[in-house]
Amino acid sequence: MSKELGKRISDGLKRNGMTQRELSDRIFVAEASMSRYIRGERVPKPDVLADIARELNTSTDYLLGIEAGRYNHPQILQLISENAKIMTNKQKKDIICALLDK
């Protein structure tokens, strides 16, 4: 599980255009600890995992690989509305492009 968690954190960093150091700074965790999470050598405590998920605009279930399938339409709308204020213009454009198959 740790390797998969690390891969999902790494993918989230890329998706959000964020470095490991930036994420570490945002959640007040040593960069060395973040590196260990990403390499699969350690699993973050629940509160740290929640902070990572928040900063990467995802869920702890996704990071842990226990997300139960695809979201339905109302869930997607709720996720977008909850996150719209913290999304960058690029992220908003990415959603629009995904909806328009561009």
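Select Glu41 and Arg39 to begin: their side chains meet in a salt bridge, with N and O 2.9 Å apart. The term salt bridge denotes a side-chain nitrogen of Lys or Arg within 4 Å of a carboxyl oxygen of Asp or Glu. Arg39 is partly exposed, at a relative accessible area of 41%; on this scale buried means under 20% relative accessible area, exposed over 50%, and partly exposed in between (1.4 Å probe, protein chains only).

The model is predicted, so local features need pLDDT of at least 70 and side-chain atom pairs count only at pLDDT 80 or more, whereas totals for chains, interfaces and linings use all residues. Residues are numbered from 1 along each chain as its sequence is written, and side-chain values use heavy atoms, with hydrogens and water left out.

Next, select Arg26 and Glu55, which form a salt bridge at 3.4 Å, N to O. Arg26 belongs to helix 2 (residues 20-27) and Glu55 to helix 4 (residues 46-55), so the pair ties together parts 29 residues apart in sequence. Helices are DSSP runs (H or I, at least four residues), numbered from the N terminus. Arg26 is partly exposed at 44% relative accessibility, while Glu55 is buried at 18%.

Finally, move to helix 1 (residues 2-15), where Asp11 and Lys7 lie 4 residues apart, about one turn of the helix. Their salt bridge has its closest N and O atoms 2.9 Å apart. Asp11 is partly exposed, at 25% relative accessible area, and Lys7 is likewise partly exposed, at 45%. The structure holds 8 salt bridges.

Technical notes. Helices (H or I, at least four residues) and strands (E, at least two) are DSSP runs, numbered from the N terminus.
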